[in-house]
Amino acid sequence: FDIEYTALKMLNDAGKKMRDAGIALWVAGLNPGVLAMMQRSPLGAASGRERMFYNLDQVVVRYRETIRHDSVR
């Protein structure tokens, strides 16, 4: 129901390293409380809500939309 502060800090640090390497981090399986915490964190500010999902099905749909959009360019 919650995410521990140290875990959130580690996730923020990993997200920054990934962004610096040009890798996008998408997260799934977030319950509303964890989603809210992540949105208020540096990771949420950097990633934006569009890369945080409640379940994997949402990730797959969004990823396919992204691939379709990129292939049209």
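Trainee: How many aromatic pairs does a search of the whole structure find?

Mentor: The search finds 2 aromatic pairs. Keep in mind that this is a predicted model.

Trainee: How is a pair of aromatic rings described?

Mentor: Two values are used, the distance of the centres and the angle of the planes. Here, Trp-26 and Tyr-63 form a pair with 6.3 Å centre to centre and 75 degrees between the planes. The pair is edge-to-face because planes over 60 degrees apart are counted that way.

Trainee: Where do Trp-26 and Tyr-63 lie in the chain?

Mentor: Trp-26 is in the loop between helix 1 (5–20) and helix 2, while Tyr-63 belongs to helix 4 (residues 56–72). They are 37 residues apart, and the pair links distant parts of the chain.

Trainee: Which residues do ring pairs link into a cluster?

Mentor: The cluster consists of Trp-26, Phe-53 and Tyr-63.

Trainee: How does Trp-26 count by relative accessibility: buried, partly exposed or exposed?

Mentor: Trp-26 has 27% relative accessibility, so it counts as partly exposed. Tyr-63 is partly exposed too, with a relative accessible area of 46%. The limits behind this label are 20% and 50%.

Trainee: Which residues make up the largest nonpolar core?

Mentor: This core has 10 residues in all: Ile-3, Leu-8, Leu-25, Val-27, Leu-30, Val-34, Leu-35, Met-38, Leu-43 and Met-52. Helix 2 (residues 32–40) gives the most to this core, with 3 residues.

Trainee: What does Leu-35 touch, not counting residues up to four places away in sequence?

Mentor: Leu-35 touches Leu-30, Arg-49, Met-52 and Tyr-54. Among these partners, Leu-30 and Met-52 are also members of the core.

Trainee: What is the distance between the closest N and O atoms of Lys-9 and Asp-13?

Mentor: Those atoms are 3.3 Å apart, and the two residues form a salt bridge. Both residues lie in helix 1, 4 residues apart, which is about one turn of the helix. Lys-9 is partly exposed at 42% relative accessibility, and Asp-13 is partly exposed at 37%.

Trainee: With which residue does Asp-20 form a salt bridge?

Mentor: Its partner is Lys-16, and the closest N and O atoms are 2.9 Å apart. Asp-20 and Lys-16 are 4 residues apart in helix 1, so about one helical turn separates them. Asp-20 has a relative accessible area of 58% and is therefore exposed, whereas Lys-16, at 45%, counts as partly exposed.

Trainee: Which salt bridge involves Arg-62?

Mentor: The side chain of Arg-62 meets that of Glu-65, at 3.8 Å from N to O. These two are 3 residues apart in helix 4, so they are separated by about one helical turn. Arg-62 is partly exposed, with a relative accessible area of 32%, and Glu-65 is partly exposed at 39%.

Trainee: How should predicted coordinates be read where pLDDT is low?

Mentor: There, they should not be read in detail. For this protein the mean pLDDT is 87, and 96% of the residues reach 70 or more.

Trainee: Where in the protein is confidence lowest, and where highest?

Mentor: Confidence is lowest in helix 3 (residues 42–47), at a mean of 85. Helix 1 has the highest value, at 91.

Notes. Residues numbered from 1 in each chain as written. Predicted model: local features only at pLDDT ≥ 70, side-chain atom pairs only at ≥ 80, totals over all residues. Heavy atoms only, no water. Core = buried A, V, L, I, M, F, W, Y, C linked by side-chain atoms within 4.5 Å. Buried < 20%, exposed > 50% of the residue type's maximum accessible area, 1.4 Å probe, protein only. Contact = heavy atoms within 4.5 Å. Phe/Tyr/Trp six-rings, centres within 6.5 Å; stacked < 30°, edge-to-face > 60°. pLDDT = per-residue confidence, 0-100. Salt bridge = Lys/Arg side-chain N within 4 Å of Asp/Glu carboxyl O.
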